[in-house]
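Please look through the chain and its model below before reading on. The report that follows goes from single residues to the chain as a whole.

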Amino acid sequence: MAESSRPLPYQPGAVSLFFVAKAGVFAAGFWIWLLLLVLRTNAATGSHVLAATGALTTTLVAVVLGARMALQRNAAIRHAETKKLLVDISWNAFTAAGNAESSGKVVPFPSSAGEDDRQTLRHGGDRVSVFDRSGARDRGNNGDRRR
């Protein structure tokens, strides 16, 4: 089947990828700095703690942003598929209503009832005014309140 000319669905793009890549670069920088500090000195100093904290924090930020981007991308694809499915369903229903006389596998929608059908469904004696408290609308309380 040929591809349609529908626009592509929204997918998180350059901005999300920029922040994921930026967090990844910062994480790599902190990990390299921590590695260099560990290889050069024997004792742990404040700079070791700073490098380790930065490495862990930026790594977690990169992972969280990457997971969020992936979830947004999957949600955008599912949303586009749902919209396409709804359009296909409505189109099939439209064509089924037009082809109701032909023999097909699609069950046609029932047509709206005409005026003659509506009058046979509702009898004239069944109509009761809202303001009429007697007759068929009386529910047995006769105006008394129950407590």
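Is G29 buried, partly exposed or exposed? With a relative accessible area of 37%, G29 is partly exposed, where buried means under 20% relative accessible area, exposed means over 50%, and partly exposed lies in between (1.4 Å probe, protein chains only).

This is a predicted model, in which local features need pLDDT of at least 70 and side-chain atom pairs count only at pLDDT 80 or more, while totals for chains, interfaces and linings use all residues. Residues are numbered from 1 along each chain as its sequence is written, and side-chain values use heavy atoms, with hydrogens and water left out.

**The chain and its confidence**

The secondary structure of the chain consists of three helices and zero strands, and from the N terminus on the elements run α-α-α. Helices (H or I, at least four residues) and strands (E, at least two) are DSSP runs, numbered from the N terminus. The mean pLDDT of the chain is 76, and 56% of its residues reach 70 or more, pLDDT being the predictor's confidence in each residue, from 0 to 100. Among the elements of the chain, α1 has the highest mean pLDDT (93), whereas helix α3 (residues 115–121) has the lowest (52).

Of the 147 residues of the chain, 12% count as buried. The accessible surface of the chain comes to about 12,900 Å², and 62% of this belongs to carbon and sulfur atoms; such areas come from the Shrake-Rupley method with a 1.4 Å probe, and for residues only the protein chains shown count as cover.

A67, which lies in helix α2 (residues 46–98), is partly exposed because its relative accessibility is 39%. Among contacts in the chain (heavy atoms within 4.5 Å) between residues at least 6 apart in sequence, 61% join residues at least 24 apart.

**A nonpolar patch and the aromatic pairs**

V15, found in helix α1 (residues 14–40), makes a nonpolar surface patch of about 320 Å² together with F18 and F19. Patches are made of residues with over 30% relative accessible area and no salt bridge, with like charges joined within 9 Å and nonpolar side chains (Val, Leu, Ile, Met, Phe, Trp, Tyr) within 5 Å; a salt bridge is a side-chain nitrogen of Lys or Arg within 4 Å of a carboxyl oxygen of Asp or Glu. V15 counts as exposed because its relative accessible area is 59%.

A pair of aromatic rings is described by the distance of the centres and the angle of the planes. Rings of Phe, Tyr and Trp (its six-membered ring) pair if their centres lie within 6.5 Å, and planes under 30 degrees apart count as stacked, over 60 as edge-to-face and the rest as tilted. By this rule the count comes to two aromatic pairs, as the table shows.

| Pair | Centre to centre | Angle between planes | Kind |
|---|---|---|---|
| F18 and F19 | 5.3 Å | 70 degrees | edge-to-face |
| F30 and W33 | 6.2 Å | 45 degrees | tilted |

F18 is partly exposed at 48% relative accessible area, and F19 is partly exposed at 43%. F30 and W33 are separated by about one helical turn, because they are three residues apart in helix α1. F30 is partly exposed, with a relative accessible area of 23%, and W33 is partly exposed, with 31%.
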